[in-house]
Amino acid sequence: MAPASELTVGQVAMRSGVAVSALHFYETRGLIRSHRTSGNQRRYGRDVLRRVAIIKVAQEVGISLAEIGEALASLPESRTPTRDDWGLLSTAWRDALDHKIAQLKKLRDGLSDCIGCGCMSIDKCPLRNKGDRLANEGPGARRLIRQAP
């Protein structure tokens, strides 16, 4: 028996391990597409299973839905993404991930010199008070001090 060429939202949810509500959300964001039957029920092409798998993997490594949407928009519609497609997408994301990793390492390594709240005028805070710019406003926790009316 040949597999159905179209899937219901429940079938996609079951096969992909993604909640129906998430599939609806992905669809509203333009990440996946469906069409409606005469009875107004959603139907998805089988290619959506691979697209959902790509979305899940990309989200897990920290790629934003906007970036995922841009990447998926570069693929031909209604065609199951191939290994070559994945290679192009993952290569493009690799540089962004390397940049994020470098930023996180810098944050981790500098965190011990900063209390992280950004409210105090600490000269070593590279996160929220770079160059001790709050010192120009006066002493103390500048972000917590309210000016008198």
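My entries follow, from the whole chain down to single residues.

**Ground rules.** I am reading a predicted model, in which local features need pLDDT of at least 70 and side-chain atom pairs count only at pLDDT 80 or more, while totals for chains, interfaces and linings use all residues. Residues are numbered from 1 along each chain as its sequence is written, and side-chain values use heavy atoms, with hydrogens and water left out.

**Overview.** I looked up the elements and found 5 helices and 3 strands. Read from the N terminus, their order is β-α-α-β-β-α-α-α. Of the 149 residues in the chain, 30% are buried. Buried stands for under 20% relative accessible area, exposed for over 50%, and partly exposed for what lies in between (1.4 Å probe, protein chains only). I also checked contacts, meaning heavy atoms within 4.5 Å. Among those between residues at least 6 apart in sequence, 50% join residues at least 24 apart.

**The sheet.** In what order do the strands of the open sheet lie? The order is S1-S3-S2, and the pairing is antiparallel. Strand S1 (6–7) and strand S2 (35–36) are at the edges with a single partner strand each, so one side of each has no neighbour in the sheet. Strands count as paired if DSSP finds at least two bridges between them.

I then went through the bridges. S1 is joined to strand S3 (residues 42–45) by 2 bridges. Leu 7 has Tyr 44 as its bridge partner in S3, and Glu 6 is opposite Gly 45. S2 and S3 are also joined by 2 bridges, and here His 35 faces Arg 43 in S3. The hairpin of S2 and S3 has 5 residues between the strands, and in it Asn 40 takes a positive phi near 65 degrees.

**Two helices meeting.** Next I looked at helix H1 (residues 9–16) and helix H2 (residues 20–28), whose axes come within 9 Å and cross at roughly 105 degrees. The axes are lines fitted to C-alpha atoms over the stretch in contact, with angles from 0 to 180 degrees between N-to-C directions. H1 and H2 are therefore roughly perpendicular to each other, a label for angles of 65 to 115 degrees. Val 9, Val 12 and Ala 13 of H1 meet Val 20, Leu 23 and His 24 of H2.

**Helix H4.** Which residues of helix H4 (residues 65–73) are buried? I noted Leu 65, Ile 68, Gly 69, Ala 71 and Leu 72. They cover an arc of only 165 degrees around the axis, which puts them on the same side of H4; the arc is taken from the directions from the helix axis to the C-beta atoms. The face turned away from that buried side carries the exposed residues Glu 70 and Ala 73.

**Aromatic pairs.** Rings of Phe, Tyr and Trp (its six-membered ring) pair if their centres lie within 6.5 Å; planes under 30 degrees apart are stacked, over 60 edge-to-face, and the rest tilted. I counted 2 aromatic pairs by this rule. The rings of Phe 25 and Tyr 26 have centres 6.5 Å apart and planes at 55 degrees, so this pair is tilted. The rings of Trp 86 and Trp 93 have centres 6.0 Å apart and planes at 70 degrees, so this pair is edge-to-face. Phe 25 is partly exposed at 39% relative accessible area, whereas Tyr 26 is buried at 6%. Trp 86 is partly exposed at 31%, and Trp 93 is buried at 8%.

Terms used:
Helices (H or I, at least four residues) and strands (E, at least two) are DSSP runs, numbered from the N terminus. Angles under 35 degrees count as roughly parallel, over 145 as roughly antiparallel, 65 to 115 as roughly perpendicular and the rest as oblique.
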